[in-house]
Amino acid sequence: NEKRKAEFFAPAPEMQEKEDATSTETFTNFRLSRPILKAISDMGYTKPTPIQTRSIPLSLQAHDLCVSAQTGSGKTLAFLVPIIERLLFRPKDTPTTRVLILVPTRELGVQCHSVALKLSKFTDISWSLCVGGLSTKVQELELRQRPDGVIATPGRLIDHIRNSQGFSLDGIEILVIDEADRILEDGFADELDEIIKSTPKSRQSMLFSATMTDKIEDLTKLSLNRPIRLFVNKAT
Ligand code: ADP
Ligand code: MG
């Protein structure tokens with residue numbers, strides 16, 4: 001089983017070549033919209049990290065992704081940049097919450113929300129943060145406005161699904177499970193299951209994890225549709 005896992009997650013030779021070939025990659029090569037490129041450059045980023053180089057083009061093509069990369073490798077931009085690019089082209093008629101990002105802790109939610117706001121600075125994309133320690137009432141009002149994206153911890157989101165009238169995940173087009181290993185460690189497996197089942201099957205899903213365990217593998221099978229697996233083991 002260990003050997004099978006090692007083979008499974010070892011980067012394919014062609015991927016290694018590709019990484020070398022794209023080491024001079026810039027954010028402009030992704031053909032992103034101007035407001036996003038401007039935000040990225042305002043934030044001081046000039047070159048994508050290896051995980052961003054690999055995952056952004058695939059995510060823009062709406063592939064499901066299972067990404068294993070260590071802390072500090074730049075996973076937040078890896079999912080937020082393509083998400084914001086895709087949100088820019090949504091029809092503007094009815095406000096709908098189309099993106100759900102699940103994070104293990106309030107602190108990581110606050111961080112992710114702050115990066116999402118900065119990246120969306122030159123757009124009209126709206127984000128809502130749905131974590132413990134903030135007023136449920138205020139969050140309920142915010143969710144009722146149907147922000148484009150919601151960043152949430154599983155526990156608090158479940159509260160809203162069960163108790164907030166008019167809030168549902170029916171319009172979710174993109175689901176991100178960030179730090180999946182930590183969400184499971186924190187005992188949120190049942191909540192995660194319930195949340196995933198409340199989103200449309202047609203969604204794009206992306207799972208990020210620092211480590212790959214059997215439990216993460218089960219979650220991948222349950223929540224992702226023919227995912228492309230990316231494995232990056234060195235920082236930036
Ligand atoms: P991870 O989620 O993989 O742990 P983060 O997304 O939190 O990593 O990013 C780690 C650090 O790297 C953050 O301080 C972030 O600002 C920085 N970072 C992300 N992308 C880039 C980039 N393309 N160039 C330089 N620094 C980056
Ligand atoms: Mg992270």
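## Strand S1 and its partner S7

In this predicted model, Ser 68 stands opposite Phe 231 of strand S7. The strand S1, which covers residues 65-69, is joined to S7 by 5 bridges, and the two run parallel.

## The sheet as a whole

The pairing of S1 with S7 belongs to an open sheet of 7 strands, whose order is S3-S4-S2-S5-S6-S1-S7 and whose pairing is parallel. Strand S3 (127-130) and strand S7 (228-232) stand at the edges; each has a single partner strand, so one side of each is left without a neighbour in the sheet. On average, and with direction ignored, neighbouring strands of this sheet are turned by 15 degrees against each other. As a general point, the strands of a sheet pair through backbone hydrogen bonds, in either a parallel or an antiparallel manner.

Of the 236 residues in the chain, 39% count as buried, and among the contacts with a separation of 6 or more, 72% are accounted for by residues 24 or more positions apart.

## The nonpolar core

The largest nonpolar core has 55 residues, of which Val 67, Leu 102, Ile 151 and Leu 207 touch the most other members. Helix H5 gives the most to this core, with 8 residues. In soluble globular proteins, nonpolar side chains tend to be buried together.

Leu 102 can be followed in detail: when residues up to four places away in sequence are not counted, Leu 102 touches Ala 152, Pro 154, Val 176, Ile 177, Asp 178, Ile 183 and Ile 195.

## The surroundings of ligand 1

Ligand 1 is surrounded by 13 residues, the closest being Tyr 45, Thr 71, Gly 74, Lys 75 and Thr 76. By residue class, this shell divides into 4 nonpolar, 7 polar and 2 charged residues.

Most residues other than glycine have a negative phi. Arg 146, however, has a phi near 55 degrees, a positive value in a residue other than glycine, and Glu 179 likewise has a positive phi, near 50 degrees.

Arg 146 is found between helix H7 (136-144) and strand S4 (149-152), and is partly exposed, with 17 other C-beta atoms within 10 Å. Glu 179 is found between strand S5 (174-177) and helix H9 (180-185), and with 21 other C-beta atoms within 10 Å, Glu 179 is buried.

## Arg 98, a charged residue in a buried loop position

Arg 98 lies in the loop between H5 and strand S2 (99-102). Is this arginine buried or exposed? Arg 98 counts as buried, because 20 C-beta neighbours lie inside 10 Å and the class begins at 20 or more.

Leaving aside neighbours within four places in sequence, Arg 98 is in contact with Leu 87, Arg 90, Asp 148, Gly 171, Ile 172, Glu 173 and Ile 174. From Leu 65, by contrast, Arg 98 is 33 residues apart in sequence and 18 Å apart in space, taken from C-alpha to C-alpha.

Key
Residues are numbered from 1 along each chain as its sequence is written. Chains are lettered from A and ligands numbered from 1 in the order in which they are written. This is a predicted model: local features need pLDDT of at least 70, side-chain atom pairs count only at pLDDT 80 or more; totals for chains, interfaces and linings use all residues. Two strands pair if DSSP finds at least two bridges between them. Helices (H or I, at least four residues) and strands (E, at least two) are DSSP runs, numbered from the N terminus. Axes are lines fitted to C-alpha atoms, for helices over the stretch in contact, and angles run from 0 to 180 degrees between N-to-C directions. A residue is near a molecule or strand if its C-beta atom, placed from the backbone, lies within 6 Å of it. Ala, Val, Leu, Ile, Met, Phe, Trp, Tyr, Cys and Pro count as nonpolar, Asp, Glu, Lys and Arg as charged, and the others, Gly among them, as polar. A nonpolar core is a set of buried Ala, Val, Leu, Ile, Met, Phe, Trp, Tyr and Cys residues joined through C-beta atoms within 7 Å. A residue is buried if 20 or more other C-beta atoms lie within 10 Å of its own, exposed if 12 or fewer, and partly exposed in between; C-beta atoms are placed from the backbone. Two residues are in contact if their C-beta atoms, placed from the backbone, lie within 7 Å.
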